[in-house]
Amino acid sequence: MYQFSDKKIQVGISSCLVGNKVRFDGGHKQSTYCQKVLANYFDFKPICPEMAIGMGAPRKAIRLIKDEDRIRVIASDGSFEVTEKLNDFCEQTSPLLTPFSGYIFCAKSPTCGMERVTLYKEGTNQGNRDGVGVFAAKIMADHPLMPVEEDGRLNDMLLRENFITRVFAYHKWQSLVAGGLTIGKIIQFHAAHKYLLMAHNPTLYYKLGPLLGGRKEPVEETAKLYIEGFMATLKTLPNRKSHSNTLSHLQGYFKRVLSSEQRVDLADNIDKYRQGLLPLMAPITLITHYLTIYPDPYLQQQVYLHPHPDELKLRYAH
Ligand code: SF4
């Protein structure tokens with residue numbers, strides 16, 4: 001059965017989200033979910049770029065300005081500019097984030113916002129919400145595989161589950177890389193994630209397997225292509241239909257071993273899930289129960305059955 005390491009996973013986070021009073025107004029934006037729940041599994045590494053460049057708190061608010069083809073970061077009243085200082089900080093800090101398995105950004109900030117940050121037209125008070133905070137932009141560009149999310153979006157149960165699933169999967173990949181990659185290890189990793197990938201995006205899943213068969217490139221090149229496809233597949237949100245199809249595949253493994261009563265029970269459970277009458281945890285729990293009675297090594301290694309610790313209670317919203 002898939003085991004979680006008891007060592008916490010390193011995840012970056014905007015410092016104000018863990019309750020540090022580093023915001024421009026001297027306050028914080030503490031995320032109770034991050035601090036009370038996720039902190040049990042994630043070793044949060046808080047970063048406040050604005051404090052790190054010496055802006056202090058409280059301080060004047062800053063904003064993003066679109067100046068022809070470049071983005072500048074200027075005080076809202078125009079009294080100073082921190083573009084260069086912030087960019088230097090981003091350059092120096094970004095490589096340090098390589099061991100992180102995820103990052104949670106504070107929404108809407110001109111420094112940390114992941115999307116929909118107001119980008120002002122120069123010399124006006126008008127702007128469009130199509131900017132990205134300068135620190136978030138740098139981190140996402142330099143670490144395209146690393147799962148990222150914003151505090152507000154984590155309140156959406158499906159986005160929350162998706163982000164956490166990706167953090168655990170990416171962490172597992174990083175551990176594999178740290179231990180030295182071989183094609184055999186990647187194939188094993190792929191086999192263990194088969195049904196998780198299938199539930200997220202069957203089309204992309206079917207494209208991943210051929211990447212590993214009979215390739216002649218150095219293992220690093222195959223690994224790069226594979227993990228890019230792997231993370232893109234997991235980024236797709238699974239839905240009731242894709243989960244139901246995946247569950248039907250799992251059901252097939254028990255055809256010969258279950259009694260007719262158990263078979264009907266499992267089919268009924270999956271069907272009720274398909275109709276929205278039961279949460280995903282119901283058929284998953286039944287399958288893991290049958291697995292303890294009728295062990296199957298291939299199914300037991302499937303990350304799909306335990307993509308994250310059950311205590312996070314993430315599979316009740318599906
Ligand atoms: S959003 Fe980023 S820059 Fe702003 S207070 Fe939070 S951590 Fe600091």
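A residue is buried if 20 or more other C-beta atoms lie within 10 Å of its own, with C-beta atoms placed from the backbone. By that count, buried residues make up 34% of the 318 residues in the protein chain. This is a predicted model, in which local features need pLDDT of at least 70 and side-chain atom pairs count only at pLDDT 80 or more, while totals for chains, interfaces and linings use all residues. Residues are numbered from 1 along each chain as its sequence is written.

**Overall fold**
- The protein chain has 13 helices and 8 strands, taken as DSSP runs (H or I of at least four residues for helices, E of at least two for strands) and numbered from the N terminus.
- Its C-alpha atoms fill a box of roughly 75 × 50 × 35 Å along the principal axes.

**Helices α5 and α9**
- The axes of α5 (residues 157-178) and α9 (residues 219-235) come within 10 Å and cross at roughly 165°; axes are lines fitted to C-alpha atoms over the stretch in contact, with angles from 0 to 180 degrees between N-to-C directions.
- That angle makes α5 roughly antiparallel to α9 (over 145 degrees).
- T165, R166, A169, Y170 and W173 of α5 make the contact with I227, M231, L234 and K235 of α9 (C-beta atoms, placed from the backbone, within 7 Å).

**Ligand surroundings**
- Around the ligand are S14, S15, C16, V22, R23, C48, P49, E50, C106, S109, T111 and C112, each with its C-beta atom, placed from the backbone, within 6 Å of the ligand.

Definitions and conventions: Parallel < 35°, antiparallel > 145°, perpendicular 65-115°, else oblique. Contact = placed C-beta atoms within 7 Å. Buried ≥ 20, exposed ≤ 12 C-beta atoms within 10 Å, placed from the backbone.
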